[in-house]
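I opened this notebook to record what I looked up in the model. The entries follow the order in which I worked.

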Amino acid sequence: MPGGIILALDGTRESLSKIVRNKIIEYIEENNLEPGDQLPSEPKLVEKFGISRITVREALAQFEQEGIIYKIQGKGTFLKRSPVHMKNGLEILKSPTEIMRSAGYKIKTIHFPANPEIPPPDIKENLNLAEDEKIITYKRKRYADQKLVVYGEDSLSVNNFSDKVPEKIPQESMLNYLEKELNIKIERAFTEVIPTTLGKKLTEFLEIEKDKIFLLLKQIHYNEKGEPKIFSLDYFNSEAFRFIINRKRI
């Protein structure tokens, strides 16, 4: 993407096959390959990426297992469906749901029941809460094409609800829910982007392999009056998402 900067994850412990996997995804995107189009041969991929044939085969084997590519004996390797890899410019505020839907993926969400609780000090400070004000934190796992792509925690004051505080958000998008049901329109967010691995507790909770790299978007969402309304932690699977920043010299 011209003028874009792709956030690099330097110093990670990703395997070489995962790095090659991401490079193949980039090749598919840059060349606008569609289902049925042929990929370069293994020798050409080895030459292109400057890596061993064994590593290339490992990456291709993973793609084949996931149903992304297929092979025809004597003809080569072909694209069966587009891999999960979504781009989003950080200049525009979108929910994970909106990003996935705009990319054309079918979303599956697992909601975890939540109850009001006393906020930890950082959330209390970031949301400017009163001394006795409680929060509720909605936790959700999001899947695209049966792959875990986002885990999110959205915390907001229980004072935002006029009726009973729901255990689960009945809609996919938190931003849409707030606007339609609670008349809270989020207009901007202060965002930190942090490459991270997940701790033991969260890794076990999500049932994923350890040392997998995620992009953490730590955000405070503000309404049209400039009031902080949501404190969110969204962990994006780096194998599925790339965030792009367009910068201009002034």
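**Entry 1. Conventions.** I worked from a predicted model, in which local features need pLDDT of at least 70 and side-chain atom pairs count only at pLDDT 80 or more, while totals for chains, interfaces and linings use all residues. Residues are numbered from 1 along each chain as its sequence is written, and side-chain values use heavy atoms, with hydrogens and water left out.

**Entry 2. The chain overall.** I counted 7 helices and 11 strands in the protein chain. These are DSSP runs numbered from the N terminus, helices being H or I of at least four residues and strands E of at least two. Buried residues make up 46% of the 250 residues; buried means under 20% relative accessible area, exposed over 50%, and partly exposed in between, with a 1.4 Å probe and protein chains only. I then looked at contacts, defined as heavy atoms within 4.5 Å. Among those between residues at least 6 apart in sequence, 62% join residues at least 24 apart.

**Entry 3. The sheet.** I traced an open sheet of 6 strands in the order β5-β6-β7-β10-β9-β8, with antiparallel pairing. β5 (107–112) and β8 (186–196) are the edge strands; each has a single partner, so one side of each lacks a neighbour in the sheet. The twist averages 20 degrees from one strand to the next, with axes fitted to C-alpha atoms (for helices over the stretch in contact) and angles running from 0 to 180 degrees between N-to-C directions. Two strands pair if DSSP finds at least two bridges between them. For β6 (residues 135–144) and β7 (residues 147–157) I found 10 bridges in the antiparallel sense. Tyrosine 143 stands opposite leucine 148 in β7.

**Entry 4. Helix α1.** Helix α1 (residues 16–30) has 15 residues and should span 21 Å at 1.5 Å a residue; its end C-alpha atoms are 21 Å apart, which agrees. The expected span is 1.5 Å times one less than the number of residues. I noted its buried residues, among them Val20, Ile24, Tyr27 and Ile28. Their cover includes α2 (42–49), α3 (53–65), β3 (76–79) and β7. After α1 comes asparagine 32, whose phi is positive, near 50 degrees.

**Entry 5. Aromatic rings.** I paired rings of Phe, Tyr and Trp (its six-membered ring) with centres within 6.5 Å, calling planes under 30 degrees apart stacked, over 60 edge-to-face and the rest tilted. The count came to 4 aromatic pairs. Tyrosine 151 and phenylalanine 205 have ring centres 5.9 Å apart and planes at 75 degrees, so this pair is edge-to-face. Tyrosine 151 is in β7 and phenylalanine 205 in helix α7 (residues 200–206), 54 residues apart. Tyrosine 151 is buried at 1% relative accessibility, whereas phenylalanine 205 is partly exposed at 34%. Phe112, Tyr151, Phe205 and Tyr235 form one aromatic cluster.

**Entry 6. Charges over rings.** I required NZ of Lys or CZ of Arg within 6 Å of the ring centre and within 35 degrees of the ring normal. Lysine 108 lies over the face of tyrosine 143, at 5.8 Å from the ring centre. Arginine 188 lies over the face of tyrosine 222, at 4.2 Å.

**Entry 7. Lysine 134.** I placed lysine 134 in the loop between α5 (121–126) and β6. Lysine 134 is partly exposed, with a relative accessible area of 38%. Its C-alpha is 6.0 Å from that of valine 158, 24 residues apart in sequence. Beyond neighbours within four places in sequence, its contacts include Pro116, Ile118, Leu156 and Val158.
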